[in-house]
Amino acid sequence: MPPREVSPAAPTASTTGRNAASAAAKEPSIKRFVFTSSSVAIANSQLNDPSFHVTNTGWNDSAIEQAWAPPPYTPDRSFIAYCASKAQAEREMWKFVSEEKPGWTLNCVLPDLNIGTILHEQQRASTGECIRSIYRDGDMTMAKMFPPAWMVNVRDTARLHVAAMIDPDVVDERILAYAYPYNFNDILAILRESYPAKEFPADLEGVGKVTGSVENGPGAELLKRFGQSGWTGLEESVRENVGL
């Protein structure tokens, strides 16, 4: 399959998700299945577009179409193949539930960029490594890979998974884990203010803003139900990510 040439995730995502669901359906003790999806299963962020609005009913059909478009399959198409894999995998989960009617409830959590506490020095920090690299080494390599989007604190994402697993009112839901919009110039500003004795790289040039909206109220309400006041802020999350 062509997208395998730029990312092995795209052609295998649907099969992987369905295999997991099929295995769970054979175990009668399972009552809940919580699937970690992604914001890019719905859409890629749109910059400087106040009309852009994200709901939990959308699907990133544009990414799927681009991922499966004809060659050339160059490395610059790997991210869109990743986005397509997330959309295909989650969609296959819902298709399985509709067709097979397993004895469990499916809930999906769709986080955007996760940042926050890194539990161990040797932990592979995924997106959290962006901020850690800037703080430690002034390295913006990873930061330049991520377009402006929405962020979410990893603790909030974890709590939403717990809610999706044990809250009896959360049934057949896609929970949007989008807290606040950001770009890496916002993060650099927080780092400079928080650690004034340390030098940080200059702002990125030509960086846009995410100016649309997201229906993230249901996620915030679940966090309140599980002991928080709502979404954890960007500034607090950046400081937690640094770990000081």
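Let's start with Ser14 and what it touches. Beyond its neighbours within four places in sequence, Ser14 is in contact with Gln88, Ala89 and Glu92. Contact here means heavy atoms within 4.5 Å. Ser14 sits in helix α1, residues 9-25. Helices (H or I, at least four residues) and strands (E, at least two) are DSSP runs, numbered from the N terminus. At 18% relative accessibility, Ser14 counts as buried. The cut-offs: buried is under 20% relative accessible area, exposed is over 50%, partly exposed is in between, with a 1.4 Å probe and protein chains only. One distance for orientation: Ser14 and Pro111 are 97 residues apart in sequence and 19 Å apart in space, C-alpha to C-alpha.

A word on the model. This is a predicted model, where local features need pLDDT of at least 70, side-chain atom pairs count only at pLDDT 80 or more, and totals for chains, interfaces and linings use all residues. Residues are numbered from 1 along each chain as its sequence is written, and side-chain values use heavy atoms, with hydrogens and water left out. pLDDT is the predictor's confidence in each residue, from 0 to 100. The protein chain averages 93, and 95% of the residues score at least 70. Where does pLDDT stay under 50? Over residues 5-9. For that stretch the model has eleven contacts beyond four places in sequence.

Next, Asn60. It lies in the loop between β2 and α2. Buried or exposed? Asn60 is buried, at 4% relative accessibility. Not counting residues up to four places away in sequence, Asn60 touches Val40, Ala41, Ile42, Ala43, Asn44, Cys83 and Ala87.

Now the backbone. Most residues other than glycine have a negative phi, and most peptide bonds are trans. Here are the exceptions to look at. Asn48 is not a glycine, yet its phi is positive, near 55 degrees. Asn48 is in the loop between β1 (32-36) and β2 (53-54). With a relative accessible area of 53%, Asn48 is exposed. Asp172 also has a positive phi, about 55 degrees, and is not a glycine either. Look for Asp172 in the loop between α5 (154-166) and β6 (174-177). Asp172 is partly exposed, at 46% relative accessible area. Which peptide bond is cis? The one from Pro71 to Pro72, with omega near 15 degrees. Pro72 is in the loop between α2 (61-67) and α3 (78-100).

Finally, the whole chain. It has eight helices and eight strands. The C-alpha atoms fill a box of roughly 60 × 50 × 40 Å, taken along the principal axes. The radius of gyration is 19 Å; a compact globule of 244 residues would have one near 18 Å, so the two agree. That radius is taken over C-alpha atoms, and the globule rule is 2.2 Å times the number of residues to the power 0.38. Of the 244 residues, 50% count as buried. Among contacts with a separation of 6 or more, 76% join residues 24 or more positions apart.

Last, charge. The chain has 23 positive and 30 negative side chains, and the centres of the two sets lie 5 Å apart. Lys and Arg count as positive, Asp and Glu as negative; His and the chain ends are not counted. Each charge is placed at NZ of Lys, CZ of Arg, CG of Asp or CD of Glu.
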